[in-house]
Each structure stands twice: as C-alpha cells, then as structure tokens.
Amino acid sequence: MIHMAIQSNYSTVLISEFLLICFPNYQSWQHWLSVPLSLLFLLAMGANTTLLITIWLKASLHEPMYYLLSLLFLLDIVLCLTVIPKVLAIFWFDLRSISFSACFLQMFIMNSFLPMESCTFMVMAYDRYVAICHPLRYPSIITGQFVFRATIFIMARNVLLTMPIHILSSRLRYCVRIIKNCICTNMSVSKLSCDDITLNQLYQFVIGGTLLGSDLILIGLSYSFILKVALCTCGPHFILILFFSTVLLVLVITNLARERIPSDVPILLNILHHLIPPALNPIVYGVRTKEIKQGIQKLLRRRR
C-alpha cells in the first residue's frame with residue numbers, strides 16, 4: 001500500500017525545476033575551482049571571438065578552410081555559453097536551481113552541438129585530404145558552396161538524429177529533483193525518472209556511437225591517406241638522411257675501433273658514403289618532382 005501511495009504521489013507531482021549539486025563530496029573546493037574555470041572561460045571566449053572577427057574582417061581569409069574554422073569557433077562559443085556561466089553561478093552564488101525547460105534546452109544544445117564539432121572535424125579532415133592529396137583539384141572541390149552544403153549537413157544530421165533523445169527524456173515522469181552534476185546531461189537527468197529508461201539509454205548509446213564512431217573512422221581514413229602521401233613525398237628524403245647519418249656514425253665507430261675491424265671496411269664505407277647519396281639525390285629530388293620530370297620528357301622529345 002505504501003508503495004502504491006508513493007507511485008500515486010509520483011504521478012501527481014510535477015517537477016518544475018531541478019537542483020544541480022556539483023561535486024557533492026568536495027563542495028569546499030568550488031570557490032577555488034572557479035578561479036581557473038573563469039580564466040579559461042574568458043580565454044576561450046576571447047580567443048574564439050577574436051578569431052571570428054578577424055576572419056570576418058580580413059578579405060584574404062574569406063576562403064573555405066577559414067569558413068570551416070569559423071564554424072568550429074562558433075560551436076565552441078555556443079557550448080561555452082551554454083555550460084560555463086551556470087557552473088560559475090553555482091560556484092559563486094550557490095544558484096543551484098534550474099528550470100525544467102532550461103535544463104532540457106542545455107541538454108539539447110550539448111547533445112546536438114558536440115556531435116556537430118565532431119562532424120566539423122571530419123569535414124576539415126576531408127578538406128586537408130583534398131588539399132594535400134589532390135592539390136590541383138582543391139579549388140574546384142572545396143568551394144564556398146561545398147562549405148555551405150557541409151554546414152547544412154552538419155546541422156541537419158546532428159539535430160535530427162539527437163532530437164529523439166530529448167523527446168524520450170521529456171516524456172519521462174521524474175521522481176527526484178536533485179541532479180548530482182554541474183550540468184544537465186541526459187544520463188544524469190534520466191536517472192531521476194521513476195519510469196523505465198532502457199530505451200532512452202539504448203538510443204543514446206547507439207546514436208552516440210554511430211555519430212562519433214563514423215566521424216572518427218572518416219577522420220582516420222583521411223589522415224591515413226595524407227600520411228601515405230607524406231611518406232611517399234618525404235620517405236625517400238628521410239631514408240637518404242638516415243643513410244647519410246648512419247654511415248657517418250659507422251665511420252666514426254670503425255675509426256675508433258680500428259683494431260677490431262678490418263681496415264678495408266672503413267674504406268668501403270667511405271667510398272659508398274661519397275657515391276650512394278649523389279646517385280640517389282637526383283632521383284629523389286629531381287625525377288620524382290613533376291615539373292622536372294616533364295622537363296626531362298620534353299628534352300628527350302627534342303633530341304628525337
């Protein structure tokens with residue numbers, strides 16, 4: 001009977017606000033923690049705002065790459081303004097209460113904008129991939145229209161796919177109003193419900209893993225291709241430098257240990273040191289360079 005009465009009370013009481021309890025076991029640290037948080041908040045806001053204004057005012061920065069950076073700076077500003085002022089208000093003025101609507105608005109922005117940042121990083125990785133792996137095609141692929149479409153995709157994908165999280169959470173009946181967190185995360189809030197939250201947790205896990213996982217996979221692929229091009233470009237250069245320094249080191253060691261090593265070895269190494277690099281350098285720095293390769297081909301055609 002008592003249990004039924006409690007259930008009845010839960011169904012009739014409407015919670016209009018929550019209480020945020022930051023660091024329940026270490027509340028005495030909050031004033032000290034507020035100092036570095038305030039400085040970091042001012043730094044983040046100042047730096048992102050300054051960069052946004054700089055890109056906006058400087059005509060030479062009106063390029064697709066800087067538009068993507070502007071989107072990233074804007075997302076950072078929104079996320080900071082959504083979370084940090086409330087945290088500082090709790091630390092400084094003990095303003096722990098947050099309305100139901102404000103809590104869910106904060107949850108919506110965090111759940112939507114964090115994947116937007118991840119998706120923006122993915123688009124920026126693709127931008128770098130095209131710039132490094134296909135530099136001649138970069139101006140025709142990465143255009144202002146591309147950035148506009150990418151921005152629409154970033155916003156639409158993450159808002160539409162994360163919206164059910166907030167719909168599911170808002171339909172729950174809440175039995176407790178104390179959130180043991182500084183912010184209204186979905187998991188912290190949904191745990192206060194007296195309803196079954198299995199579907200809520202499952203959807204957030206699946207959609208979060210899908211969004212962030214797919215972004216990380218695509219970012220990894222982009223940079224793997226970039227690394228491959230970098231190794232193809234710089235690999236022979238690195239091998240030559242390694243060979244050059246290794247031979248010099250071996251020469252020094254063999255000269256120091258002349259009694260234990262046959263005298264012919266240092267002589268051979270010395271000869272190879274003066275022969276192999278001059279033989280490989282034209283291949284690495286000459287023939288592998290596209291412009292020089294085309295010049296050689298034109299020269300051979302003239303002689304024919």
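**Ground rules.** I number residues from 1 along each chain as its sequence is written, and my side-chain values use heavy atoms, with hydrogens and water left out. As this is a predicted model, local features need pLDDT of at least 70 and side-chain atom pairs count only at pLDDT 80 or more, while totals for chains, interfaces and linings use all residues.

**Fold.** I looked up the secondary structure of the protein chain and found ten helices and three strands, where helices (H or I, at least four residues) and strands (E, at least two) are DSSP runs numbered from the N terminus. Along the sequence, I read the pattern as α-β-α-α-β-α-α-α-β-α-α-α-α.

**Burial.** I noted that 33% of the 304 residues in the protein chain are buried; buried means under 20% relative accessible area, exposed over 50%, and partly exposed in between (1.4 Å probe, protein chains only).

**Second largest pocket.** I recorded about 260 Å³ of space in the second largest pocket, and the elements that give two or more residues to its lining are α2 (30-57), α3 (64-93) and α6 (144-170). For my own reference, a pocket is an open set of points on a 1 Å grid over the protein atoms alone, where a 1.4 Å probe fits, with protein on both sides within 12 Å along at least five of seven lines, and lining residues have an atom within 4 Å of a point. The volume is the space filled by probe spheres set on the points, which are joined across faces, edges and corners. The lining includes Trp-56, His-62, Tyr-67 and Phe-148, and α3 gives the most to it, with four residues.

**Salt bridges.** I counted five salt bridges, each being a side-chain nitrogen of Lys or Arg within 4 Å of a carboxyl oxygen of Asp or Glu. One of them joins the side chains of Glu-17 and Arg-177 at 2.9 Å, N to O; Glu-17 sits in strand β1 (residues 17-20) and Arg-177 in the loop between α6 and β3 (178-179), so that the pair links distant parts of the chain, 160 residues apart. Glu-17 is partly exposed at 31% relative accessibility, and Arg-177 is partly exposed at 33%.

I also looked up Asp-94 and Arg-96, whose side chains meet in a salt bridge at 2.6 Å, N to O. Here Asp-94 is partly exposed at 46% relative accessibility, whereas Arg-96 is buried at 16%.
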